[in-house]
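Let's walk through this structure together, starting with confidence and then moving on to a strand and a metal site.

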Amino acid sequence: MRVVLRNPRREVEVAGPLTVEALLRRLDLNPESVLVIAGDTLVPRDARLEDTDEVEIRPVISGGSGG
Amino acid sequence: MKCRRCRAAAVIDLPRHNAAFCTECFRRHCREQVRRALDEHRMVREGERVLVAVSGGKDSLACWDLLRALGIPADGMVIGLGIGDYSRDSTRYARDFAEARGWPLQVVDVRERFGFDVPTAAAATRRAPCGACGLTKRHLFNQVAIEGGYDVLATGHNLDDEAAVLLGNVLHWEEEYLARQRPTLPGRDGFVRKVKPLVRLSERETAAYCVVSGIDYQVEECPMAAGNRHLAYKEALNAVEARSPGTKAAFVAGFWSRAHRRFAEARPEPTLGACTGCGAPTPGTVCAFCRLQARAAG
Ligand code: SF4
Ligand SMILES: [Zn+2]
Ligand SMILES: [Zn+2]
């Protein structure tokens, strides 16, 4: 499956099927710091991703300390 | 995973609440958390006028949307900070959001109003841009809120922001900052009340709220944020949170219920006079913002 990561934007190929949890572990990403969007639907950590899915991993940590 | 409330397919799991929710129940969860924050910290009273400090990012747009969903007819204000494409795009997200809903949004450009922008201010002061940026935003949001007759300024600070600021303040024992860190800062002469309605929602929740609500927001990171300490604190806290869900919320809530008062009592607020430059309240004769403006606008 094609996985799009942001900030900076890049793409990786990951073989499916696998769960969201397994995908994040494989990419060494903290589930608390990202959202996973398959197609255009938000998916929880036990969702199964198929090889044909288009997946976006969107970081949620933002901002400076300027308030 | 199934939704805790209605057993439909879940779209998000929240380990901290030991729960998963479908789209509609998740949005309801967010409204409930904001309602609780508003009530617990007496943020907005019946009939008060609220201005939301909008940036075009997920938090401020979610904040505005949630306040309106709870029946508070808040207006928005966005500041053009002059940080290249990033600022232009951010303002556009805010504008599109407001226009689509027909909600009033005031757009204020820092350069037009004060003759400098964030990059030039950072260069002039040779300090981290976030310092000059934060000072400018606080000054301008407050000023416009007062001019517009608003009672309350709401910002999009979320649980992660509060936890990261708290960690930074504790690591360096910033007693003065600890005394001032709270979800509702009461208004006083020259200052509107400042409130943080999203303090019970994590960053992951505010981002998810935008995604499931169809709110388009600025996903790109501010180019000036890279490598700052605040981000490092958030990452450190999330590493702990992943192993021990609920840590961030306990850290912040425990500070407010058990520790904040000791710092506040030890550091009474200074008496303030009016800045000779702009009239804003300040402990000195010229406020920090006017000093910044003098250096940055040259
Ligand atoms: S990251 Fe820093 S410079 Fe960028 S908008 Fe936020 S406070 Fe301002
Ligand atoms: Zn549900
Ligand atoms: Zn001043």
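Within chain A, strand β3 (residues 18-19) has the highest confidence at 98, and strand β2 (residues 10-13) the lowest at a mean of 95. The score here is pLDDT, the predictor's confidence in each residue, from 0 to 100; strands (E, at least two residues) and helices (H or I, at least four) are DSSP runs numbered from the N terminus. This is a predicted model, in which local features need pLDDT of at least 70 and side-chain atom pairs count only at pLDDT 80 or more, while totals for chains, interfaces and linings use all residues. Residues are numbered from 1 along each chain as its sequence is written, chains are lettered from A and ligands numbered from 1 in the order in which they are written, and side-chain values use heavy atoms, leaving out hydrogens and water.

Now look at strand β4 (residues 34-38) of chain A. Five of its five residues are buried, so β4(A) is largely enclosed by the rest of the structure. (Buried means under 20% relative accessible area, exposed over 50%, partly exposed in between, with a 1.4 Å probe and protein chains only.) Val34(A), Val36(A) and Ala38(A) lie on one side, Leu35(A) and Ile37(A) on the other. Five bridges join β4(A) to the antiparallel β7 (residues 54-59) of chain A; DSSP must find at least two bridges for strands to pair.

Over in chain B, Cys3(B), Cys6(B), Cys22(B) and Cys25(B) give their SG atoms to the zinc ion (ligand 2), 2.3 to 2.4 Å away. Donors are N, O and S atoms within 2.8 Å of the metal (3.2 Å for Na, K and Ca); water is not among the atoms, so sites may look incomplete. Cys22(B) is buried, with a relative accessible area of 10%, whereas Cys6(B) is partly exposed at 41%.
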